[in-house]
Every structure is written in structure tokens, then in C-alpha cells.
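Thanks for asking me to look this one over.

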Amino acid sequence: MPHLQFNINIKVSPSQKKKFFEFVKKEFTKIMKTGTSHIAISLKEFQTDELHLGRAKNLESVCLMNLDIRVGRSEDQKRQLAKNYINGINKMFGIKKENQYLTYTSHEGIDFNLFEK
């Protein structure tokens with residue numbers, strides 16, 4: 001079960017959030033060739049001065065991402081997902097590409113914990 005976490009230091013409208021969640025799901029399912037029912041997405045909004053990225057200039061918008069996905073995804077898949085998310089966040093929220101930082105963590109499929117399991 002992927003948990004795709006996005007921390008931003010801007011405020012976005014409910015309609016922007018809805019579009020963002022749809023974008024994140026669509027890109028993940030397209031690239032990873034999977035369904036959507038098991039995808040968890042977090043979008044956390046912070047004040048401008050509550051997130052920091054060393055390369056960002058004072059009080060610029062940033063996005064810090066942690067994508068926790070199942071072991072076994074190829075490097076090409078992960079690279080394409082990162083590229084698509086960075087470009088999408090730039091277009092949707094206006095956050096410069098160079099002010100985005102992405103890390104991957106991974107887990108075995110056995111670590112999934114849904115109600116049905």
C-alpha cells in the first residue's frame with residue numbers, strides 16, 4: 001500500500017486539493033500499473049516559514065515529498081513518477097521544480113494493513 005506524502009508551505013483551495021489527489025492517483029496507477037483502492041495520499045499544508053529547503057530562497061514555496069512504495073518497483077518507474085509529480089506540482093501550485101525534494105522509502109507487500117487484511 002503506497003503512502004504518498006506531500007508537505008507544502010502554501011495554502012490551497014479544496015478544489016485544488018481534489019484535483020491534486022486525482023492527479024497523484026492517476027500518475028501512480030499509470031506508471032506503476034496498479035489500481036487505486038489501496039493508495040494513501042497525504043497533503044499537509046504549513047505556514048511559509050515552517051518548511052525549509054536549503055536551496056530555496058528566503059520564504060519561497062517548497063514541496064517535500066516522501067513516497068513510500070512497495071519493494072520491487074523499477075528505477076525507471078520511480079524516476080518517471082518523480083518527474084511527473086515535480087512537473088505537476090510546479091503547474092498546479094506554482095512551486096519551482098528546484099524547490100521540490102523527493103525521497104523514496106519502500107516496504108514489502110506484507111506490510112500492507114487494510115481493514116480487509
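**Notes on the sheet and its helices**

1. Six bridges join β1 to strand β3 (residues 63-70), and the two run antiparallel. Strands pair here if DSSP finds at least two bridges between them; helices (H or I, at least four residues) and strands (E, at least two) are DSSP runs, numbered from the N terminus. Within this pair, Q5 has N66 of β3 as its bridge partner, and I8 has C63.

2. A word on the source: this is a predicted model, in which local features need pLDDT of at least 70 and side-chain atom pairs count only at pLDDT 80 or more, while totals for chains, interfaces and linings use all residues. Residues are numbered from 1 along each chain as its sequence is written, and side-chain values use heavy atoms, with hydrogens and water left out.

3. On to the other partner of β1. Strand β1 (residues 3-8) runs parallel to strand β2 (residues 40-45), with six bridges joining them. One of the pairs to look for is N7 with K44 in β2. Together with helix α1 (residues 14-32), these two strands make a right-handed β-α-β unit (with the strands pointing away from the viewer, the path from the first strand over the helix to the second runs clockwise).

4. Next, β3 and β4. Eight bridges join these strands, which run parallel. Here D68 stands opposite T105 in β4, and the chain gets from β3 to β4 through α2 by a right-handed β-α-β crossover. Another pair to find is M65, opposite L102 in β4.

5. Now the sheet as a whole: four strands form an open sheet with mixed pairing, in the order β2-β1-β3-β4. Because β2 and β4 (100-107) stand at the edges with a single partner strand each, one side of each has no neighbour in the sheet. From one strand to the next, the twist averages 10° (axes are lines fitted to C-alpha atoms, for helices over the stretch in contact, and angles run from 0 to 180 degrees between N-to-C directions).

6. As for the helices, α1 lies across β1, β2 and β3 and runs at about 140° to β2. Helix α2 (residues 75-93) packs on the sheet, touching β1, β2, β3 and β4, and its direction makes about 140° with that of β4. Contact means heavy atoms within 4.5 Å.

7. How do the two helices meet? The axes of α1 and α2 come within 10 Å and cross at roughly 160°, so the helices are roughly antiparallel to each other (the term covers angles over 145 degrees). Residues making the contact include F20, F23 and F28 of α1 and L81, Y85 and I89 of α2. By class, this contact has eleven nonpolar, five polar and four charged residues (Ala, Val, Leu, Ile, Met, Phe, Trp, Tyr, Cys and Pro count as nonpolar, Asp, Glu, Lys and Arg as charged, and the others, Gly among them, as polar).

Note on methods. Parallel < 35°, antiparallel > 145°, perpendicular 65-115°, else oblique.
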